Structure formats: C-alpha cells, structure tokens
Amino acid sequence: MVFAQAPEQRTSHPQSYLAGGTGYSMMHAWLEENEDHAALAYGPVHGWQATIRVGDAFAKWFSLGFQISLAQARSRKRDIRIGAFGLLLDTTFYPVEGLSLRPAVGLGFGYAQGNEDYKFGFGGPTMLSMSVGYELRVTERFYISPVAQVYWITKNDEDYDAVMFFLGVDFIKWFESATG
C-alpha cells in the first residue's frame with residue numbers, strides 16, 4: 001500500500017488489494033440506565049480480533065475499500081463476554097512513506113453478557129473506527145503492517161455504547177487492476 005516505495009516502473013493506475021489481519025483486542029461495553037434496568041458496564045475484557053479488507057487505490061496517497069472485523073473477548077474470572085462484528089467502508093490515506101491512516105464508518109453488531117446474568121445485544125446504525133499503521137514491504141506487492149485501531153459502536157435509541165482497541169498485524173497483497 002505504500003506506493004512511494006514501489007519500483008519506478010509502477011504505473012499510476014489503480015491497484016487492487018486484499019488484506020487480512022489478527023491480533024489482541026480489548027473491549028468495554030456499557031448500557032445506560034433506563035426504566036427497565038440499572039446502568040451496566042462490562043470490561044475491560046481482553047480477547048482477539050480478525051479483519052479482512054478489500055479495495056482499490058485511486059491515487060498514490062489514497063485507497064478505498066471495505067473492512068470486515070470480528071472481535072471476541074472473555075474473562076472467565078469475572079464471567080464476562082463481549083463480541084462484535086463490523087462491516088466498514090474504510091478509506092486509507094498515506095501522508096508519508098510507510099504511514100497509513102485509515103478512518104472508517106459502517107455498521108456494528110454484537111453482544112455483551114455479564115455476571116449478573118444480564119445479556120444485551122446491540123447493532124448499527126453507527127460504528128466508527130480509526131487506525132494507524134506502518135507498512136513494511138516484503139516483496140514488490142506484499143506488505144506487513146503493524147496496526148493500532150480503535151472502534152466505537154453506538155445505538156442511541158437503546159443507550160448502548162462499546163469501545164474496542166485493537167493491536168495487531170495486517171498482511172496486504174496488491175494485485176494489478178484491469179487497467180494496470
């Protein structure tokens with residue numbers, strides 16, 4: 001994804017990419033007090049996350065794609081479980097060589113369950129994300145990128161919020177596009 005590192009023969013045509021990543025996730029979820037229940041807060045809970053991304057570059061400094069994220073966290077000691085699934089439209093900006101900034105917006109779905117035997121689900125409409133990574137080229141079209149990402153899911157009509165932090169590694173494979 002770092003076009004500044006690419007060989008001189010690379011054209012300015014868009015390139016397609018397929019990326020996947022995995023790593024550590026920390027999650028926190030809370031439900032505001034209302035007439036049906038008291039306020040609940042679960043977390044922080046530690047777990048894992050997996051991501052899949054696909055998209056195209058439209059300039060040397062910009063790409064657009066979709067991201068699917070799946071996160072799961074559990075604390076047996078405190079009997080807490082939190083899980084989440086996100087479908088995001090993400091944009092990637094490359095302000096300097098190697099550095100990637102990826103703001104994203106989309107739909108988030110998931111659940112939380114705590115030791116009070118109270119379960120609650122949540123889902124869209126809003127999931128926001130921001131990630132920072134640094135891409136290291138392994139071959140001309142294959143990159144490895146350490147990534148730090150934060151997600152926020154909110155469901156205003158149910159007063160539910162969740163925050164997830166992700167530290168992991170992305171593996172990015174670039175392909176020639178039809179015009180490349």
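Ser145 lies in strand S9 of this predicted model, where strands (E, at least two residues) and helices (H or I, at least four residues) are DSSP runs numbered from the N terminus. At 2% relative accessibility, Ser145 counts as buried, a word that stands for under 20% relative accessible area, with exposed meaning over 50% and partly exposed the range in between, for a 1.4 Å probe and protein chains only. The model is predicted, and local features need pLDDT of at least 70 while side-chain atom pairs count only at pLDDT 80 or more, although totals for chains, interfaces and linings use all residues. Residues are numbered from 1 along each chain as its sequence is written, and side-chain values use heavy atoms, with hydrogens and water left out.

- Not counting residues up to four places away in sequence, Ser145 touches Gly133, Tyr134, Glu135, Gly168, Val169, Asp170 and Ile172, where a contact means heavy atoms within 4.5 Å.
- A polar atom of the Ser145 side chain lies 3.4 Å from the backbone oxygen of Tyr134.
- Ser145 and Ile172 are 27 residues apart along the chain, and their C-alpha atoms are separated by 7.7 Å.
- Tyr143 is also found in strand S9, which covers residues 142–155, and Tyr143 is buried, with a relative accessible area of 0%.
- Between the C-alpha atoms of Tyr143 and Phe171, which are 28 residues apart along the chain, the separation is 6.0 Å.

- Ser69 has its place in strand S3, residues 62–75, and counts as buried because its relative accessible area is 3%.
- The side chains of Ser69 and Tyr151 are joined by a polar contact of 2.9 Å, a term for a pair of N or O atoms within 3.5 Å in which, within protein, one must be able to donate a hydrogen and the other to accept it, and residues adjacent in sequence count only if both atoms are side-chain atoms.
- Leaving out residues up to four places away in sequence, the residues that Ser69 touches include Gln49, Phe85 and Tyr151.
- There is one cavity of 30 Å³ or more, a cavity being a set of points on a 1 Å grid over the protein atoms alone where a 1.4 Å probe fits but cannot get out.
- The largest cavity has a volume of about 30 Å³, a volume being the space filled by probe spheres set on the points, which are joined across faces, edges and corners.
- Among the residues that line the largest cavity are Ser69, Met127, Tyr151 and Met164, where a lining residue has an atom within 4 Å of a point.
- The elements that give two or more residues to this lining are S3 and strand S4 (80–93).

**Asp90 in strand S4**

- Asp90 is found in strand S4, and Asp90 counts as buried because its relative accessibility is 0%.
- Apart from its neighbours within four places in sequence, Asp90 is in contact with residues including Tyr17, Arg53, Ser63, Phe66, Arg102 and Pro103.

**The whole protein**

- The protein has zero helices and 10 strands.
- Of the 180 residues in the protein, buried residues make up 44%.
- Among the contacts in the protein with a separation of 6 or more, residues 24 or more positions apart account for 60%.
- The accessible surface of the protein comes to about 9100 Å², and 63% of this belongs to carbon and sulfur atoms, with areas taken from the Shrake-Rupley method with a 1.4 Å probe.

Note on methods. 1 Å grid on protein atoms, 1.4 Å probe; cavity = no way out; pocket = protein on both sides within 12 Å on 5 of 7 lines; lining within 4 Å.
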